[in-house]
Amino acid sequence: MRVLSRAAVGTAVRRGFRAVRAYVRSAPGTYGWLALLLVTTVLLHQMSPEFETGFLRRRSTNIHELSTHPVRVLISSALWIDGSSWLPYAVLYSLFHAPAERWLGTLRWLAVAVAAHVLATLVSEGALLWAIRHGLAPESSVNTLDIGVSYALAGVVAVLTYHIAPPWRYGYLVGVLVVYGIPLAAGRTFTDVGHFTSVLIGLACYPLTRHRGPVWNPADAYRRGLRSVRRRRSADGAAGPGPGPG
């Protein structure tokens with residue numbers, strides 16, 4: 001059994017660190033936003049539950065705040081997470097936002113995220129206002145807590161459809177529609193409306209994706225990975241076994 005030396009382990013760690021740093025630097029908007037969310041999440045954990053509720057409600061895109069401070073709450077609502085953990089967002093941002101930003105460029109990626117966040121918020125809150133006026137939701141719903149980054153995420157998840165080569169693209173699209181469509185069909189809450197609207201907005205951003213380089217083909221990626229593994233094994237075999245003990 002081959003034992004890695006301390007130097008080899010150190011080299012592997014340094015290579016991994018450089019790879020992570022390069023990946024983060026390739027998507028500055030994604031990881032800058034994620035860093036802000038980390039700061040605001042830490043701040044939320046320092047607040048009492050009573051103070052936190054009122055604090056977030058003033059930054060919420062509910063009907064009351066949208067009617068009085070629309071620009072402020074549309075911006076501020078995207079800087080806070082309505083939840084206890086930041087780590088799941090770090091994973092989701094790395095899986096969806098970062099690839100989209102690297103593919104589209106920061107400005108186009110941001111345009112998709114902002115469009116999904118703003119337009120889906122207006123549509124979902126408009127649907128809630130309609131429900132209130134028709135007696136389908138209580139009047140108190142004008143102050144519903146509505147913050148977070150999920151609308152922007154749903155829009156970016158949807159626009160990545162165009163980054164995948166056919167026929168894989170169609171399976172991905174079906175998956176996206178199922179993930180966001182089932183809650184809408186089952187619950188029909190205003191947030192379900194907002195998420196599905198975000199998906200439609202992301203799909204409508206197709207003009208921003210044109211001429212943005214080659215699409216991603218999972219089969220090609222698998223073949224490249226297989227060739228890389230074979231080359232590494234060949235190199236290890238040519239180097240021969242390491243020195244034995246003593």
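Student: What should I know about the model before we start?
Tutor: It's predicted, so local features need pLDDT of at least 70 and side-chain atom pairs pLDDT 80 or more, while totals for chains, interfaces and linings use all residues. Residues are numbered from 1 along each chain as its sequence is written, and side-chain values use heavy atoms, with hydrogens and water left out.

Student: How many helices and strands does the protein have?
Tutor: There are 11 helices and zero strands.

Student: Why is leucine 87 called exposed?
Tutor: Exposed means over 50% relative accessible area, buried means under 20%, and partly exposed is in between (1.4 Å probe, protein chains only). Leucine 87 has 53% relative accessibility, so it counts as exposed. Its place is in helix α6, residues 87–104.

Student: What makes Leu87, Val91 and Leu95 a nonpolar patch?
Tutor: A patch takes residues with over 30% relative accessible area and no salt bridge; nonpolar side chains (Val, Leu, Ile, Met, Phe, Trp, Tyr) are joined within 5 Å, like charges within 9 Å. Leu87, Val91 and Leu95 form such a patch, with about 290 Å² of accessible area together. Areas come from the Shrake-Rupley method with a 1.4 Å probe, and for residues only the protein chains shown count as cover.

Student: Which residues form the positive patch?
Tutor: Arg14, Arg15, Arg18, Arg21 and Arg25. Lys and Arg count as positive and Asp and Glu as negative, with His and the chain ends not counted; the charge is placed at NZ of Lys, CZ of Arg, CG of Asp or CD of Glu. Arginine 25 lies in helix α1, residues 6–25, and is exposed because its relative accessible area is 66%.

Student: How do you know that glutamate 65 and arginine 72 make a salt bridge?
Tutor: The rule asks for a side-chain nitrogen of Lys or Arg within 4 Å of a carboxyl oxygen of Asp or Glu. Here the N to O distance is 3.4 Å, and the pair passes. By this rule the count comes to one salt bridge.

Student: Are those two partners buried or exposed, or in between?
Tutor: Glutamate 65 has a relative accessible area of 9%, so it is buried. Arginine 72 has 38%, so it is partly exposed.

Student: Why is helix α8 called largely enclosed?
Tutor: Nine of the 10 residues of α8 (residues 150–159) are buried, so the rest of the structure largely encloses this helix. The buried residues include Tyr151, Leu153 and Val157. They pack against α2 (28–45), α6, α7 (106–133), α9 (168–186) and α10 (190–204).

Student: What is threonine 144 in contact with?
Tutor: Contact means heavy atoms within 4.5 Å. Leaving aside neighbours within four places in sequence, threonine 144 is in contact with Ser60, Asn62, Leu128 and Phe190. Threonine 144 lies in the loop between α7 and α8, and at 22% relative accessibility it counts as partly exposed.

Student: What makes arginine 188 stand out in the backbone?
Tutor: Arginine 188 has a positive phi of about 55° although it is not a glycine. This residue is found in the loop between α9 and α10.

Technical notes
Helix = DSSP H or I, 4+ residues; strand = E, 2+ residues; numbered from the N terminus.
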